[in-house]
Amino acid sequence: MKTITNYLLLAFLSIVTLTCSEDPVESIAKGTLTGTVVEDGTNIPLENVKISTNPNSSTVFTNAEGNFMLEEILVGQYSVQAELDGYLAAFESAEILRESTTNVIFEMQIETANNLPPVTPVLISPSDNANDVSLETELVWSGSDPEGDDITYTIELRNDLDDELLTFETLNDTTLVVSNLRFGLKYFWQVGAKDDVNEDMVLSQISSFETIDSPDNRFVFVRRIDGNNVIFSSDESGNEVQLTESTANSFRPRRNVAANRIAYLSNNGAETHIFTMNLDGSNKQQITSAVAVNGFNLDEIDFSWTEDGGQLYYSNFDQLFSINADGTDLQLVYKTVDGKFITEVVISADESFIALKTNTVNGYEVSIFTIDPSGVVIDEVLNNVQGAAGGLDISVDNSKILYWYDVSEFQIDNYRQLDSRVFIYERASSTAFDISDEKLNGTNDYDCRFSPNEAQVILTNTSNDGISQKNIVLVAINDDNTSGERLEIIQNGEMSDYE
């Protein structure tokens, strides 16, 4: 009996021993994990990507071809993670089989791939269809970005008249002050928002507003800004409107009532030409082209409209030309007999005669005279005088000629004047009347024009030091051609006209 018992015990122990020896063999079964990491959308291999697993195993990095290998991994289910700075972490599941190779492919997205674009801007002010909006107005809108990214806003304005497009940009700012809009136009505006991540711009709805109507500004003048002559208009109350850009040199404005336009001089490349524009500064057009405006000191040159607005008269050195207001039919009208330069010209309202100012190349030996349409001299107002002179205008009844003259007869290369005075020349009596008798000593009156009713003269007054501010003055004229009240109407202005 004891022998049987021992035999059974030995058999049981053998079975237990065999069972325990199989478990370690199965638990150390291993496999291999390989893979490739590329950039999503481009399939560019990514190097130095950190590859790790969960449950944890060894950690490796991809090579230059984006490949990796993990060997001797225990069999089982794994979550495999790929990490690289600048990219979103990527995960793939993998089952490791005994003595087998499992392959995975990662397509990693750039870290900003899930970045949301800015919120669509909402236009606030001016409100849609607003009227009487100022020519300088503040545009206001709302906008934001879900991730707080910096936003670049692009603002565009168009009008209902022409193809002008105004474009501005701001960074994170939801307001913009727009200046130099034009009178009486309907503007359409839209705001686009873009962050540094997303390529596409998010556009707002389009809103519109209308600017105030153009005032009837009867004064036009020039003010120097950043080295350029800039043309302005003004009403009797001093409300000013800038008509030309501060970045361009535009000067000598001459308004014509019949044409309802302003002619002026401006540069086109190295040449100076006549341009015209609407009273609000819009619709600028170059009139002269084949023959430029030229002569002694372009700032001293003046030209003239015909009363009906159909033609313009201007000079080129010693020659006088006429041209239609649309730029056609250029004609040589007159050429000086002594070779002097024609610096100023004005034509009478009935076109029966022309007044001219001529001078030598240095601006002196001035003559002011009138000619008939055939070129025959009628009046000699000044004849080869010493000193500076100019400022021609003709009264509507042809009886008077207005001009200024430096009675000091001072002459210097920089054309400085010491005592310039304005005179009214009576053609019938060949008599000149000084209307600058009330000006301050040490100042100059010049650049004179009759007012529309000829009861006043508009002129520029400044110190004779050659550097002081220039101001525009109205001088009342009595019936006997003596001067009355002097009224300063515009500060820091010159080259005025009053129509």
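**Close-up 1. Lysine 439 is buried, with a relative accessibility of 7%.** In this predicted model, the side chain of lysine 439 meets that of aspartate 419 in a salt bridge, at 2.8 Å from N to O. Look for lysine 439 in the loop between β35 (431–434) and β36, and for aspartate 419 in the loop between β33 (400–406) and β34 (420–426); the pair therefore ties together parts that are 20 residues apart in sequence.

**Close-up 2. Glutamate 240 and arginine 223 form a salt bridge.** Their closest N and O atoms are 2.8 Å apart. Glutamate 240 belongs to strand β19 (residues 240–242) and arginine 223 to strand β17 (residues 219–225), so this contact links parts that are 17 residues apart in sequence. Glutamate 240 is partly exposed, at 35% relative accessible area, whereas arginine 223 is buried, at 13%. A search of the whole structure turns up 14 salt bridges.

**Close-up 3. Arginine 224 reaches aspartate 299 through a salt bridge of 4.0 Å, N to O.** Arginine 224 sits in strand β17 and aspartate 299 in the loop between β23 (285–286) and β24 (304–305), so the pair ties together parts that are 75 residues apart in sequence. Arginine 224 is partly exposed, with 41% relative accessibility, and aspartate 299 is partly exposed too, with 30%.

**Close-up 4. Here is the largest cavity, with a volume of about 60 Å³.** Among the residues that line this cavity are Arg252, Glu300, Asp447 and Ser496. The elements giving two or more residues to the lining are β20 (250–256), β32 (389–394) and β36 (443–450), and β36 provides the largest share, three residues. Sorted by class, the lining has seven charged, two polar and two nonpolar residues.

**Close-up 5. The second largest cavity holds about 50 Å³ of space.** Its lining includes Phe183, Pro215, Arg255 and Asp280. By class, four of the lining residues are nonpolar, three are polar and three are charged. The structure holds two cavities of 30 Å³ or more.

**Close-up 6. Four strands make an open sheet in the order β3-β2-β5-β6.** The pairing in this sheet is antiparallel. β3 (60–61) and β6 (90–96) stand at the edges with a single partner strand each, so one side of each has no neighbour in the sheet. Strand β2 (residues 50–54) pairs with β3 over two bridges, and isoleucine 51 stands opposite valine 60 in β3.

Conventions: Residues numbered from 1 in each chain as written. Predicted model: local features only at pLDDT ≥ 70, side-chain atom pairs only at ≥ 80, totals over all residues. Heavy atoms only, no water. Pairing = 2+ DSSP bridges. 1 Å grid on protein atoms, 1.4 Å probe; cavity = no way out; pocket = protein on both sides within 12 Å on 5 of 7 lines; lining within 4 Å. Points joined across faces, edges and corners; volume = space filled by probe spheres on them. Nonpolar A, V, L, I, M, F, W, Y, C, P; charged D, E, K, R; others polar. Buried < 20%, exposed > 50% of the residue type's maximum accessible area, 1.4 Å probe, protein only.
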